[in-house]
Amino acid sequence: MTDRSELPIPDYDQLPEGSLVHRVRTLDERGLETLIEYERGHADRPAVLEALTHRRDALARGEAEPSGGDPAARQPEVPPVPDTGAADPVDTADTNQPLRHGVAGQTPNRNPRTR
C-alpha cells in the first residue's frame with residue numbers, strides 16, 4: 001500500500017474533489033497509479049477513482065498528455081459553489097440595464113432606491 005509521504009500531490013487527503021481533478025492533469029501514468037492505489041486503500045471515493053482511472057486510461061491510449069506545472073505547487077483551493085437552482089427573477093429583472101448617466105430614475109425597467 002502506498003504511504004502518504006510517497007504521494008505526488010501534497011495534502012492529497014485534504015483537497016476537495018474538484019481540485020483533485022485539475023491537479024491530476026499534471027501527473028503521468030505512474031503518478032496516477034500511485035494515487036489510485038492510495039485512494040482505494042483509504043477513502044475509496046467513487047467519483048475520485050473514476051476521474052483518476054479515466055485520466056490514466058486517456059494517457060495510456062495517447063489521447064492526453066500531462067500538462068505543464070507542478071502538482072505540488074501551492075494553489076488556492078476554492079470549494080465548488082453549491083447549485084441553488086435558477087436565479088431569483090426579482091434580483092435579475094431590475095438590473096438588466098445599465099444606469100443612464102448614473103441616475104437610476106432615468107433608466108427604464110429599474111426601480112430607483114428610495115431613501
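## Salt-bridge network

Glu33, Arg56 and Asp57 are linked in a network of salt bridges, a salt bridge being a side-chain nitrogen of Lys or Arg within 4 Å of a carboxyl oxygen of Asp or Glu. Between arginine 56 and glutamate 33 the closest N and O atoms are 2.8 Å apart. Arginine 56 lies in helix H3 and glutamate 33 in helix H2, so this pair ties together parts that are 23 residues apart in sequence. Arginine 56 also forms a salt bridge with aspartate 57, and here the closest N and O atoms are 3.2 Å apart. Side chains of opposite charge can pair when their charged atoms come close.

Arginine 56 counts as buried because its relative accessibility is 18%. Glutamate 33, at 37%, counts as partly exposed, and aspartate 57 is partly exposed at 31%. The structure holds five salt bridges.

## Basis of the model

This is a predicted model, in which local features need pLDDT of at least 70 and side-chain atom pairs count only at pLDDT 80 or more, while totals for chains, interfaces and linings use all residues. Residues are numbered from 1 along each chain as its sequence is written, and side-chain values use heavy atoms, with hydrogens and water left out.

## Overall fold and surface

The chain has four helices and zero strands; from the N terminus on, its elements run α-α-α-α. Helices (H or I, at least four residues) and strands (E, at least two) are DSSP runs, numbered from the N terminus.

Of the 115 residues in the chain, 25% are buried. The chain exposes about 8,400 Å², and carbon and sulfur atoms supply 49% of that area; accessible areas come from the Shrake-Rupley method with a 1.4 Å probe, and for residues only the protein chains shown count as cover. Contact means heavy atoms within 4.5 Å. Among contacts between residues at least 6 apart in sequence, 53% join residues at least 24 apart.

## Nonpolar core

The largest nonpolar core has 17 residues, and those touching the most other members are Ile9, Tyr12, Val24, Leu27, Leu32, Leu35 and Leu52. Helix H2 (29-41) and helix H3 (46-61) each supply at least two residues of this core. The largest share, five residues, comes from H3. A nonpolar core is a set of buried Ala, Val, Leu, Ile, Met, Phe, Trp, Tyr and Cys residues joined through side-chain atoms within 4.5 Å. In soluble globular proteins, nonpolar side chains tend to be buried together.

Leucine 35 has contacts with Leu7, Pro8, Ile9, Tyr12, Val24, Leu27 and Leu52, leaving aside its neighbours within four places in sequence.

## Helix H3

H3 has 16 residues and reaches 22 Å from its first C-alpha to its last, close to the 22 Å expected at 1.5 Å a residue. The expected span is 1.5 Å times one less than the number of residues in the helix. The buried residues in H3 are Val48, Leu49, Leu52, Thr53, Arg55, Arg56, Ala58 and Leu59. Their cover includes H1 and H2. Just after H3, glycine 62 takes a positive phi of about 80°.

Glutamate 39 is placed in helix H2 and is buried, with a relative accessible area of 1%. It forms a salt bridge with arginine 45, the closest N and O atoms being 2.9 Å apart; arginine 45 is buried as well. Beyond its neighbours within four places in sequence, glutamate 39 is in contact with Tyr12, Asp44, Arg45, Val48, Leu49 and Leu52.

Alanine 43 is found in the loop between H2 and H3 and is partly exposed at 48% relative accessible area. Its C-alpha atom is separated by 8.4 Å from that of aspartate 13, 30 residues apart along the chain.

## Aromatic pair

The structure holds one aromatic pair. Tyrosine 12 and tyrosine 38 form it in an edge-to-face arrangement, 5.8 Å centre to centre with 80° between the planes. Rings of Phe, Tyr and Trp (its six-membered ring) pair if their centres lie within 6.5 Å; planes under 30 degrees apart count as stacked, over 60 as edge-to-face and the rest as tilted. The pair links distant parts of the chain, with tyrosine 12 in the segment before helix H1 (17-23) and tyrosine 38 in helix H2, 26 residues apart. Both tyrosines are buried.

Conventions: Buried means under 20% relative accessible area, exposed over 50%, partly exposed in between (1.4 Å probe, protein chains only).
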